[in-house]
Amino acid sequence: MSGSMIHAEGLTKRFGTLTAVDQVSLDLEEGEVFGFLGPNGAGKTTTVRMLTSLISKTNGTALVAGCEIGREADELKLRGRIGLLPENVGLYENSSAYQNLEYFGQLQGLDPVTLRRNVERLLRTMDLWEKRDAPVATFSKGMKQKVAIARALVHDPILIFLDEPTANLDPEAAKMVREVLLGLKKEKRTIFLNTHNLDEAQRVCDRVGILRTRLLTVGAPRELEARMSGNRTVVRLDRVSEQVVRAVEARVGSGRVEVSGDQLLIDVEDADRQNPAIAETIVAAGGRIRQLTQLSTSLEEVYLKLIHEEALPA
Amino acid sequence: MRFSQAWLIARHDIRLIRSRKGIFYALVAMPLGISLGFSALIAYIASSGGPTAASALPPYIDAFSFWFVIGAASLPTSIAAYGIVGEKVEKSLEPLLSTPTTDGEILLGKALAAFVPTMAAVWAGSVLYMGLADWAVWGTFGYLYFPNLDIAVLLLVLAPLACLYSVEVSIIVSARVTDVRSAQQYAGVIFLPLILLYVAGELGKPELNDTNLLIIGGVFALIVLALFSTATRTFHREEILTRWK
Ligand SMILES: Nc1ncnc2c1ncn2[C@@H]1O[C@H](COP(=O)(O)OP(=O)(O)OP(=O)(O)O)[C@@H](O)[C@H]1O
Ligand SMILES: [Mg+2]
């Protein structure tokens, strides 16, 4: 396994006539944190369930942690290599945090010594060691979420799936869980993170994919922002003259320059390369530049734009 | 299928059940009640029956013994229902299914969690019953009535089969409901054939002798097998995650 943790091609799931996930292809490298973004019903949970071999796929193939999904001989091996935090934490409420982790460690076939060591280490990391014997029912939502994350890690999986770990948490609890995520990132864990929260995705993920039944785009958050926005340079001048506009058009191509008051809006392909030349051209044409900026789009705008476009009838 | 994995699940379920006082007490109280109550009745009939007691007693004793079969069928329903409905309520089936455990191992674990404590209780109760009954009728019969072939068939064939049958029905029913109470209500139909059998036995047709008990056992075994295939089809991860409510 040279680095590839997930290699999915054309993954599709239909429930009767409803296509929940359509032709999703994606790759995830070892040590990477991948954010899977999408609105309610986009198919995030369904994708994770297919990748963790909890439900069958209708079509496509995927190699996950070196195991082929849908291949019966690989299933147990796969589930021993991955950890899952499901959408609903699903803890045994009347059992203690320790007992919850212990049970899953046993199901994962850990020997008693490793089991005890891992459970203690995880509960300490999660700041729950002091409360290890209290029934989970007495815990706050954020604490339960941490127990469930610890449960997903108890057998030291090489790949972790987290399905919306901060959804339905108050801001403080969400922050607590997000810190755990950043801690996992620092440990260079490979994580597949389903989330609604764009800010979280931006802070935690190396790359994100935006899903709405189909995978609309994949890339590093900055790259996506740049891909959509970076392509407009805004120059504010003392005064916009005909001469300046013509000179810039000659430089970048006609139809790419728009005048708005004392500003020039210029479509560019590669801002870093073109902006200095644009500035030179304007100065040479006698223009006086007050400000030159790049119109930037946030990940949120990228997301909304894509999701919105997709909502329009084709 | 790894028995050790199934046993891990069974042990976990049994631990959870122990904290449910109602279920735990029923497990102790019912076999104990059957033993003490019926052996007291036997002692009473023996002491007040006079010279005819020796011929009047055996049908009573055999009928009383049958109650251990009924106990074996009634006790596991609530454990089996909790084993499934409890996981549904806590939404813990998805994480459980994400561990390296097969559907069959989970199902077997759930069945063992209900079967093992029930049969332990039933057998413990029946040993007490046989001892007390022997003690009560020793003077009347002049020999030890128990153990005999009839009760051996009842306890070693019919009771375990009745228990399995009841576990399977409870699991199948629990998959379709969302609370333990309604699971138990539906699973109540379990007793119908057993009670009919009991009443028929009391009326003497068919007579519940060892041959007939074995035939009944054979029929039960077929039902248990048929239910087993239904249970495995119901307890399938795709079904559980996409259809169960
Ligand atoms: N068992 C099922 N049977 C039928 N349809 C289903 C089933 N599970 C999911 N779906 C449908 O598949 C689509 C994708 O659902 P999924 O739960 O994967 O979305 P999601 O992205 O996880 O949404 P959320 O953000 O709400 O968790 C939805 O339209 C949903 O209604
Ligand atoms: Mg979801």
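Predicted model: local features only at pLDDT ≥ 70, side-chain atom pairs only at ≥ 80, totals over all residues.
**Entry 1: who surrounds the ligand?**
I started with the shell around ligand 1 and found 15 residues in it. A:G41, A:K44, A:T45, A:T46 and A:E87 are the closest. Then I looked up which chains take part. Residues of both A and B surround ligand 1, so the two chains share the site.

**Entry 2: what kind of residues?**
I sorted the shell around ligand 1 by type and got 5 nonpolar, 7 polar and 3 charged residues. In chain A, β2 (18-29) and α1 (44-51) each bring in at least two of the shell residues. α1(A) gives the most, with 3 residues.

**Entry 3: polar contacts with the ligand.**
Next I went through side chains that reach oxygen atoms of ligand 1. For A:T45, an N or O atom of the side chain is 2.7 Å from a ligand oxygen. A:K44 has a polar side-chain atom 2.8 Å from an oxygen of ligand 1. With A:N40, the distance from a side-chain N or O atom to a ligand oxygen is 2.9 Å. I also checked how covered the ligand is: alone, ligand 1 exposes 640 Å², and the protein buries 69% of that.

**Entry 4: over to B:E87.**
I found B:E87 in helix α5 (residues 76-90) of chain B. Is B:E87 buried or exposed? Its relative accessibility is 3%, and buried means under 20%, so B:E87 counts as buried. The B:E87 side chain makes a polar contact of 2.7 Å with the side chain of B:S92. Leaving out residues up to four places away in sequence, B:E87 touches several others, including A:Y92 from chain A, B:D13 and B:K110.

Terms used
Residues numbered from 1 in each chain as written. Chains lettered and ligands numbered in written order. Heavy atoms only, no water. Near = heavy atom within 4 Å. Polar contact = N/O pair within 3.5 Å; in protein donor to acceptor, adjacent residues only side chain to side chain. Areas by Shrake-Rupley, 256 points an atom, 1.4 Å probe, with all protein chains shown as cover. Helix = DSSP H or I, 4+ residues; strand = E, 2+ residues; numbered from the N terminus. Nonpolar A, V, L, I, M, F, W, Y, C, P; charged D, E, K, R; others polar. Buried < 20%, exposed > 50% of the residue type's maximum accessible area, 1.4 Å probe, protein only. Contact = heavy atoms within 4.5 Å.
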